[in-house]
Amino acid sequence: IIQYGGRFVWAQVKGFAWWPAQVFHSLAPAPRPGYLYVEFFGTEQVATVRDSPDVVRAFNGGMVDDVIRKCKRKRNAKAVELARREERSTRRFRNRAVRYYARKAFAMASVGCGGWLGRRVRFLA
């Protein structure tokens with residue numbers, strides 16, 4: 001089964017604190033509609049959770065919103081920092097990949113129209 005990481009989230013399993021996690025997508029179908037596979041940072045645990053704001057919330061660099069703040073259970077600071085580093089690293093990698101493929105696509109399009117595009121458009125950094 002091929003899996004790839006998606007968005008970074010806070011996820012909650014009943015009886016536990018909100019925990020940083022990453023949604024994983026797979027070619028295999030979800031166990032049931034409306035549910036997600038998540039892997040929790042710092043635990044190597046995975047779970048299937050309902051795709052609902054009651055259970056899954058945006059991570060946004062570790063920002064804690066009012067719903068998460070209401071939960072009095074202790075969050076693991078090491079897991080939160082690990083998720084922050086992974087989110088930053090993933091964002092940098094994806095941005096580099098977008099720039100790389102944009103340049104490749106532009107070069108192909110420019111060759112296709114006789115180099116005309118290359119004289120009028122420039123990429124910065």
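This is a predicted model: local features need pLDDT of at least 70, side-chain atom pairs count only at pLDDT 80 or more; totals for chains, interfaces and linings use all residues.
Glu-87 is a residue of helix H2. Is Glu-87 buried or exposed? Its relative accessible area is 11%. The limit for a buried residue is under 20%, so Glu-87 counts as buried.

Which residues does Glu-87 touch, apart from its neighbours within four places in sequence? They are Phe-8, Phe-59, Asn-60 and Gly-61. For Gly-61 there is also a distance between polar atoms: its backbone nitrogen lies 3.0 Å from a polar atom of the Glu-87 side chain.

## Helix H2 as a whole

Helix H2 runs over residues 77-112, which makes 36 residues. At 1.5 Å a residue, a helix with this number of residues should span 52 Å.

Glu-87 is one of the buried residues of H2. An α-helix has 3.6 residues a turn, so residues three or four places apart point the same way.

## The overall layout

The protein has three helices and five strands. Along the sequence they follow the pattern β-β-β-β-β-α-α-α. The protein is made of 125 residues, of which 26% count as buried.

Contacts can also be sorted by separation along the chain. Among contacts between residues at least 6 apart in sequence, 44% join residues at least 24 apart.

## Aromatic pairs and a charge over a ring

How many aromatic pairs does a search of the whole structure find? The search finds three. One of them joins Phe-8 and Phe-41, with ring centres 5.9 Å apart and planes at 15°. Planes under 30 degrees apart count as stacked, so this pair is stacked. Phe-8 belongs to strand E1 (residues 3-11), while Phe-41 sits in the loop between strand E3 (35-40) and strand E4 (46-50). The pair therefore ties together parts that are 33 residues apart in sequence. Both Phe-8 and Phe-41 are buried.

Another aromatic pair, Tyr-100 with Tyr-101, is edge-to-face, with 4.9 Å from centre to centre and 85° between the planes. Tyr-100 has 45% relative accessibility and so counts as partly exposed. Tyr-101 is exposed, with a relative accessible area of 57%. A further ring, that of Tyr-35, has Arg-32 over its face, at 4.2 Å from the ring centre.

## The nonpolar core

In soluble globular proteins, nonpolar side chains tend to be buried together. In this model the largest nonpolar core holds 22 residues. Which residues touch the most other members of this core? They are Val-38 and Phe-40. The elements that give two or more residues to the core are E1, strand E2 (19-26), E3, E4 and H2. The largest share comes from E1, with four residues.

The contacts of Phe-40 can be listed as well. Leaving aside neighbours within four places in sequence, Phe-40 is in contact with Ala-11, Val-13, Trp-19, Pro-20, Ala-21, Gln-45 and Ala-47.

## Loop residues

Glu-44 is found in the loop between E3 and E4. Its phi is near 60°, a positive value in a residue other than glycine. With a relative accessible area of 70%, Glu-44 is exposed.

Asn-60, one of the residues in contact with Glu-87, lies in the loop between strand E5 (56-58) and helix H1 (66-70). Asn-60 also has a positive phi, of about 45°, although it is not a glycine. Its relative accessible area is 55%, so Asn-60 is exposed, whereas Glu-87 is buried.

Where does Pro-31 lie? It is in the loop between E2 and E3. At 46% relative accessibility, Pro-31 counts as partly exposed. Beyond its neighbours within four places in sequence, Pro-31 is in contact with Tyr-37 and Thr-48. Pro-31 and Thr-48 are 17 residues apart along the chain, and their C-alpha atoms are separated by 7.8 Å.

Note on methods
Residues are numbered from 1 along each chain as its sequence is written. Side-chain values use heavy atoms; hydrogens and water are left out. The expected span of a helix is 1.5 Å times one less than its number of residues. Buried means under 20% relative accessible area, exposed over 50%, partly exposed in between (1.4 Å probe, protein chains only). A polar contact is a pair of N or O atoms within 3.5 Å; within protein, one must be able to donate a hydrogen and the other to accept it, and residues adjacent in sequence count only if both atoms are side-chain atoms. Contact means heavy atoms within 4.5 Å. Rings of Phe, Tyr and Trp (its six-membered ring) pair if their centres lie within 6.5 Å; planes under 30 degrees apart count as stacked, over 60 as edge-to-face and the rest as tilted. A charge sits over a ring if NZ of Lys or CZ of Arg is within 6 Å of the ring centre and within 35 degrees of the ring normal. A nonpolar core is a set of buried Ala, Val, Leu, Ile, Met, Phe, Trp, Tyr and Cys residues joined through side-chain atoms within 4.5 Å.
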